[in-house]
Amino acid sequence: MPQIDIALLGLGNVGRAFARYVSSDERIHIRAVADSSGGLLLDRPEQIQQLIAHKESGRSIRDFAAASFIKDAPEFVKSLSSESIRVLVESLPTNLADGQPALDSIKAALACGINAVTVDKGPLAWGFDALKEAALAGNSRLAYSGTTGVSIPDEITGERVLEIRGVLNGTTNYILTEMQERNISFGEALANAQENGIAEPDPSLDVDGWDTAVKILILAKTLMGTDAELSDVSRIGIGAQTDALIENGRATGRIVRLVGRARIWQGRVRVSVAPKLVAPESPFYSVEGTSKLAVFRTEGRSEVTAYARSGRDAISQTILDDIIKVVG
Ligand code: HSE
């Protein structure tokens, strides 16, 4: 396979892990990098490792780049097409309030013919149709398997999807697993998750169900054509109050999982998130720790499942698979 020239927009944990993951992959050549302070075109391949060390010392790309720094995001994106960069990989911090500034940058890249791979859920939640239109206008491709918890299985391509159910959030699944296997409180399980670097210092996006809500929403937009917004998703997270459900599960041989669901009800696609009791025969019963699993029910193929691990290598491989897919 020929070399693929790419640009990274976002050099946080995911962006840096990906850059390291592909550092010995001869197919991938990182030619440009940007963070929220701006970007730069790299003169030499070894600069990316220097830049990672620079970011890890708490400094921004602006300090590193000095004279060659491109301050403006639209200017950065414009510079990519003249450099024959084929894929923009976007991993800026997720903004669920309006998807910006990533949404505009991805749109601009797609519209000028640069393929995009994103792991950032905000732009998909807020600009799903606009991104598709930009890709159509620019004859480019967008892939976003890293935003949905699991990748959509190839087997369901072209199928009519009737229902999607998924344990899509590693953090809450870890907390629920700890609470149930070790019989500890929500607070203790959350503290363990934070100590182990699984939960964020502010865990609300995960435990309040926002992350699952946006992942199931993106799956439902992609596969069921819904124009629902994040505010339409009925959402119940987990917390100390989940104890009662766990007790009920103990008494009835079931366990609790946080399940995102999209289904057709009264002619419309309804999207929801809630802790659910699952019986041993359910595929969700054995999804433990930070693992994730989704079940797609289609008209033609009954149920197809997709499994995913969490972690930096898993997300890096998902990005790599998406890059290969978009360059076709
Ligand atoms: N916080 C998410 C999870 C990872 O725990 O699954 C990013 O989607």
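Trainee: What is the order of the six strands in the open sheet that holds β1?
Mentor: A word on the model comes before that. It is predicted, so local features need pLDDT of at least 70 and side-chain atom pairs count only at pLDDT 80 or more, while totals for chains, interfaces and linings use all residues. Residues are numbered from 1 along each chain as its sequence is written, and side-chain values use heavy atoms, with hydrogens and water left out. Strands are DSSP runs of E with at least two residues, helices are runs of H or I with at least four, and both are numbered from the N terminus. Two strands pair if DSSP finds at least two bridges between them. Here the order is β3-β2-β1-β4-β5-β6, with mixed pairing.

Trainee: Which strands stand at the edges of that sheet?
Mentor: They are β3 (38–41) and β6 (142–143); each has a single partner strand, so one side of each is left without a neighbour in the sheet. For a pair within the sheet, take β1 (residues 4–9) and β2 (residues 28–35), which run parallel and are joined by six bridges. Leu8 stands opposite Val33 in β2.

Trainee: How many bridges join β9 to β10?
Mentor: Eleven, between residues 255–265 of β9 and residues 268–278 of β10, which run antiparallel. Arg263 has Arg270 as its bridge partner in β10, and Arg257 stands opposite Lys276. The two strands form a hairpin with two residues between them, and Gln266 in the turn has a positive phi of about 50°. Strand β7 (residues 161–167) also runs antiparallel to β9, through four bridges; there Gly166 stands opposite Gly260.

Trainee: What should I look for in the backbone angles?
Mentor: Most residues other than glycine have a negative phi, and most peptide bonds are trans. Asn139 has a positive phi, near 55°, and lies in the loop between α6 (121–138) and β6. The peptide bond from Gln100 to Pro101 is cis, with omega near 5°; Pro101 is in the loop between β4 (87–90) and α5 (102–111).

Trainee: Which residues are around the ligand?
Mentor: Counting a residue as near if one of its heavy atoms lies within 4 Å, they are Lys121, Asn169, Gly170, Thr171, Asp206, Asp211 and Lys215. With Asp, Glu, Lys and Arg as charged, Ala, Val, Leu, Ile, Met, Phe, Trp, Tyr, Cys and Pro as nonpolar, and the others, Gly among them, as polar, this shell divides into no nonpolar, three polar and four charged residues.

Trainee: Which polar side-chain atom lies 2.8 Å from an oxygen atom of the ligand?
Mentor: One of Lys121. A polar side-chain atom of Asp206 lies 3.0 Å from a ligand nitrogen atom, and one of Asp211 lies 3.5 Å from a ligand oxygen atom. The protein covers 68% of the 260 Å² of accessible area that the ligand has on its own, by the Shrake-Rupley method with a 1.4 Å probe. The elements giving two or more residues to the shell are α7 (170–181) and α10 (210–224).

Note on methods: A polar contact is a pair of N or O atoms within 3.5 Å; within protein, one must be able to donate a hydrogen and the other to accept it, and residues adjacent in sequence count only if both atoms are side-chain atoms.
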